[in-house]
Amino acid sequence: MADPGGGGGLGKERRRSPQGGPVSRLGVGGLLLAVIFPFLAGFHPYYLYLLGTGFLLASLASAWGLLAYAGQISFGHAAFFGVGAYTTALLALELGVTPWLGILIAGGAGALAALPIGAAAHLLRGAYLALGSLAYAELLRVLALNWTGLTGGGAGLIGLPGLHLGGELEFARERAGGYYLSLAVLLLALAVFALLRRSRVGLAWAAIREREERAQLLGVSPTRYKLLAFACSGALAGLVGALYAHAVRFIEPDLVFGRYFSILPLIMATFGGLHTLLGPPAGALVLYLVSELLFHPLLPRLHQLPYALALIGVVFFLPRGLAGLLGRR
Amino acid sequence: MALLEGRGVRKRYGGHEALRGVEFAIEERQLVALIGPNGSGKTTLFQIVSGLVRPTAGEVRLRGARITGRTPRAIARLGVGRTFQIARPFPGLTVLDNVLVGVTFGRDSGLGPAARRREALGVLELVGLGDRAAALASQLSLGQLKRLELALALAPRPSLLLLDELTSGLPPGGREEVIAFYARLRERGVTLFAIEHAFRPLLRYADRVLVLDRGELIADGPPAEVMASPRVALAYLGEEE
Amino acid sequence: MSPAALVHSLAVGLVTGSFYAFLALAFALVLAITRVLNLAHGELVVLGGYIGYSLWKAWGLPPLLLVPLAALASLPLGAIWRGLLGRVREPVELNSLVLTFGLGLLLQNLMLGVWAGDYRLIAGDAAPPLALGGIALPRGRLLVAAISLGTVGALHLVLTRTRWGTALRATSLDPEAAGLMGINTDRASLTSFLLAAAIAGGGGVLFATFHYLHPAAGVELTLLAIALSILGGVGRLSGLLLGGLLIGVVEALALTWAGPEWRELVVAAIVLLLLLLRSRGLVAGRGH
């Protein structure tokens with residue numbers, strides 16, 4: 001895997017937008033395809049649900065990738081995802097807050113949840129940060145598991161309201177509302193990342209990632225920018241978690257705070273191409289679709305295999321991920 | 001008032017004393033050479049001035065204000081630039097972006113993005129890397145890397161430049177070029193504090209020379225005087241160049 | 001808390017702590033000798049437990065026999081780990097974290113597939129607790145502690161008294177220098193992985209005698225091993241043991257005060273705390 005803490009060759013196209021290279025054409029093409037897909041698929045609920053979930057995972061991968069762009073490798077993104085999920089769930093169930101508002105607040109909650117570990121990043125680097133983030137997610141998981149009064153404990157929270165917009169915005173229904181909502185979230189995540197990358201903030205992040213000490217000597221405040229990166233990444237992850245909660249209408253600690261949602265974005269982003277804009281979501285979609293369409297029906301017990309294989313592949317064969325294959329540095 | 005002052009700077013690593021009570025003062029717009037045999041503590045002194053290392057005792061002052069104990073970032077923003085013996089650019093960024101970091105964050109210039117870009121390009125032109133702006137730092141040759149090191153240090157428009165053996169590894173012609181460049185920078189108002197192991201070219205332009213030997217400052221004065229000193233000759237006995 | 005309860009907590013803590021140290025050996029050995037951070041450590045332990053459990057269910061073998069069997073069964077995994085992790089590029093620590101994180105998840109799913117999510121236990125015989133100096137401790141736990149301490153002690157002897165062990169220690173301190181001195185660092189690396197796999201596998205059986213097995217039980221064990229390695233200092237057996245005892249006691253006290261379900265939280269909190277303290281240089285350890 002490209003060394004995310006130092007010499008990876010992927011900070012490059014920071015300033016200039018993809019100059020009509022193969023990837024940007026791919027991106028635009030993909031977007032068009034995504035928009036018309038429901039029509040192509042005849043609004044078949046399973047495919048809409050599949051891709052809708054895929055977009056959510058792609059958003060999560062993008063959020064993780066944003067943090068990795070700043071040189072911070074998180075092994076505990078489930079922490080922010082779970083906080084988002086529980087925030088909106090509790091707001092909806094306890095206070096009757098509409099899910100739309102709940103999701104927004106969940107984004108804020110995700111950002112807040114990211115601050116402690118973001119502050120720890122001042123002290124923890126590389127493997128230490130990875131372990132620290134892992135422990136942090138675990139901490140929150142057990143907290144959610146045992147603080148039964150607040151979170152309902154291990155039984156989780158059921159009966160979460162779905163999202164309504166006039167009619168039911170079901171994620172698996174014909175109206176494809178959920179599908180487009182997920183797509184919108186993905187576009188939002190990408191837009192946020194893209195804008196930040198081209199700005200001062202992105203420059204600071206890239207500098208910190210490439211050589212933190214030198215960045216300091218040139219006036220960059222690592223603490224400030226790391227906190228910002230964690231907050232942005234946490235907000236997006238929290239948003240996705242909240243959306244997930246209202247999509248499946250049931251959450252429990254072992255799931256939303258568990259390793260699954262910590263490791264998935266890591267594998268997906270790394271496989272797709274660390275430090276690139278479109279790499280993480282592309283990696284997410286590819287892996288998720290392969291896993292669901294190929295492995296799940298044929299080898300259901302092993303449907304997590306593509307992820308494991310992707311990881312091994314990246315570590316040994318594809319340090320730059322898919323993006324590297326397409327010649328993006 | 002001197003631009004940079006060191007008072008009783010001492011650094012001990014376990015049982016080893018790297019610096020023993022070094023005192024010095026550097027005036028503005030001077031080119032001061034810091035020389036000495038290997039292991040005499042030159043780079044350690046730079047590390048202390050730039051804030052990357054804390055001295056065991058003593059302090060360093062910039063324009064009369066104490067900078068010892070402040071963060072490297074704060075010291076850098078006060079106008080202290082630094083190059084490293086082994087070039088340490090941002091490998092995955094373009095040459096332009098490398099310099100842009102210092103231009104953007106090194107001081108509060110109040111410039112907009114376009115203006116900052118122009119300034120970064122200007123710095124690159126100055127060091128002779130204008131045509132390599134779009135290259136990745138990891139793709140540069142050694143000579144080009146040295147130029148980039150200089151550009152990185154110059155980007156925030158420092159008033160004091162700490163140059164650590166920038167010419168090492170360069171052929172004699174290249175060394176001359178770099179030293180002449182130092183003189184040009186001095187004309188522009190920058191104060192330069194330069195460590196060079198192969199110091200003869202430097203002595204021609206230097207206003208003053210400081211000589212360290214095993215952590216002790218054994219000479220401090222104009223080049224001619226210092227080089228005539230037998231104490232200095234003794235320190236270099238057995239050393240090359 | 002009454003004095004009797006306090007003493008009891010301490011005793012339980014010491015007993016549990018020695019087992020933690022023993023388990024953590026598998027993690028620490030690999031880390032010290034190969035710089036690899038094996039995040040699948042916990043899963044390897046749990047897998048050993050499951051293997052022991054199946055053997056126990058099938059043939060009713062006593063735990064003392066299950067331990068070496070599970071250890072043997074785990075050896076191939078050690079070789080596989082070595083094969084994969086030997087090829088990881090720099091930075092080794094971070095990349096091995098990523099790879100083993102994934103491998104751990106893979107194992108977790110394999111276990112879920114084979115043994116399902118039910119909680120399982122290797123039930124011991126119903127012998128009464130042993131009373132030592134007025135404190136009643138379950139026999140099974142004492143046996144586990146005895147095996148743990150015994151193995152730690154034996155390993156200490158091997159590492160310090162045999163040539164083979166000295167080679168391992170030299171490799172952990174400075175692989176390059178060791179190589180130059182003629183030590184086969186590749187073999188040392190393989191040895192450490194095999195040894196670690198055996199300890200994990202055998203330890204898993206012991207684990208399963210007093211702790212419910214379920215596929216996700218490994219995370220906590222991995223975190224514990226990490227905590228002990230940081231606390232005790234990489235490459236120092238005595239540090240590991242002391243660290244284990246310390247954490248065992250802290251955990252036991254915390255549990256008596258807060259309740260058993262908070263155990264995993266205590267572990268996670270300790271890990272975070274240690275990481276932060278370590279980076280400030282307050283905790284023993286080799287810089288790596």
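How many of the 14 residues of α11(A) are buried? The count is 13, so α11(A) is largely enclosed by the rest of the structure. Here a residue is buried if 20 or more other C-beta atoms lie within 10 Å of its own, exposed if 12 or fewer, and partly exposed in between, with C-beta atoms placed from the backbone.

## Basis of the report

This is a predicted model, in which local features need pLDDT of at least 70 and side-chain atom pairs count only at pLDDT 80 or more, while totals for chains, interfaces and linings use all residues. Residues are numbered from 1 along each chain as its sequence is written, and chains are lettered from A and ligands numbered from 1 in the order in which they are written.

## Chain A and two of its helices

Chain A contains 14 helices and 2 strands. Both kinds of element are DSSP runs numbered from the N terminus: helices are H or I with at least four residues, and strands are E with at least two. Of the 329 residues in chain A, 59% are buried. Two residues are in contact if their C-beta atoms, placed from the backbone, lie within 7 Å. Among contacts in chain A between residues at least 6 apart in sequence, 78% join residues at least 24 apart.

Helix α11 of chain A covers residues 260-273. The expected span of a helix is 1.5 Å times one less than its number of residues. For the 14 residues of α11(A) this gives 20 Å, and the end C-alpha atoms are 20 Å apart, which agrees. After α11(A) comes A:His275, with a positive phi near 75 degrees. Helix α3 of chain A (residues 78-95) has 18 residues and reaches 24 Å from its first C-alpha to its last, close to the expected 26 Å. Because 15 of the 18 residues of α3(A) are buried, this helix is also largely enclosed by the rest of the structure. α3(A) is followed by A:Gly96, whose phi is positive, near 65 degrees.

## The sheet of chain B

In chain B, 6 strands form an open sheet in the order β6-β7-β8-β3-β9-β10, and the pairing is mixed. Two strands pair if DSSP finds at least two bridges between them. The edge strands are β6 (80-82) and β10 (216-221) of chain B, each of which pairs on one side only. From one strand to the next, the twist averages 15 degrees. Helix α1 of chain B (residues 42-49) packs on the sheet and touches β3, β6, β7 (160-164), β8 and β9 of chain B. The direction of this helix makes about 145 degrees with that of β7(B). For such angles, axes are lines fitted to C-alpha atoms, for helices over the stretch in contact, and values run from 0 to 180 degrees between N-to-C directions.

Strand β3 of chain B (residues 31-35) is mostly covered, with 5 of its 5 residues buried. On one side lie B:Leu31, B:Ala33 and B:Ile35, and on the other B:Val32 and B:Leu34. β3(B) pairs with β8(B) (residues 191-195) in the parallel sense over 4 bridges, and B:Val32 has B:Phe193 as its bridge partner in β8(B). β3(B) also pairs in the parallel sense with β9(B) (residues 208-213), over 4 bridges, where B:Ala33 stands opposite B:Val209. By contrast, β9(B) and β10(B) pair in the antiparallel sense over 5 bridges; B:Asp213 has B:Glu216 as its bridge partner in β10(B).

## A nonpolar core

A nonpolar core is a set of buried Ala, Val, Leu, Ile, Met, Phe, Trp, Tyr and Cys residues joined through C-beta atoms within 7 Å. The largest has 285 residues, and C:Ala227 and C:Val271 have the most contacts inside it. Helix α1 of chain C (residues 3-34) gives the most to this core, with 18 residues. Residues that C:Ala227 touches, not counting those up to four places away in sequence, include C:Ile247, C:Val267 and C:Val271.

## Contacts between chains

Of the 2 pairs of chains that touch, chains A and C have the most contacts. In this pair, 33 residues of chain C are in contact with 34 residues of chain A. On the side of chain C that touches chain A, the largest share, 12 residues, comes from α4(C). This side of chain C has 22 nonpolar, 5 polar and 6 charged residues. In these classes, Ala, Val, Leu, Ile, Met, Phe, Trp, Tyr, Cys and Pro count as nonpolar, Asp, Glu, Lys and Arg as charged, and the others, Gly among them, as polar.

The contact between chains A and B takes 23 residues from chain A and 25 residues from chain B. The side of chain A that touches chain B divides into 9 nonpolar, 7 polar and 7 charged residues. Chain B and chain C do not touch, and their nearest C-alpha atoms are 16 Å apart.
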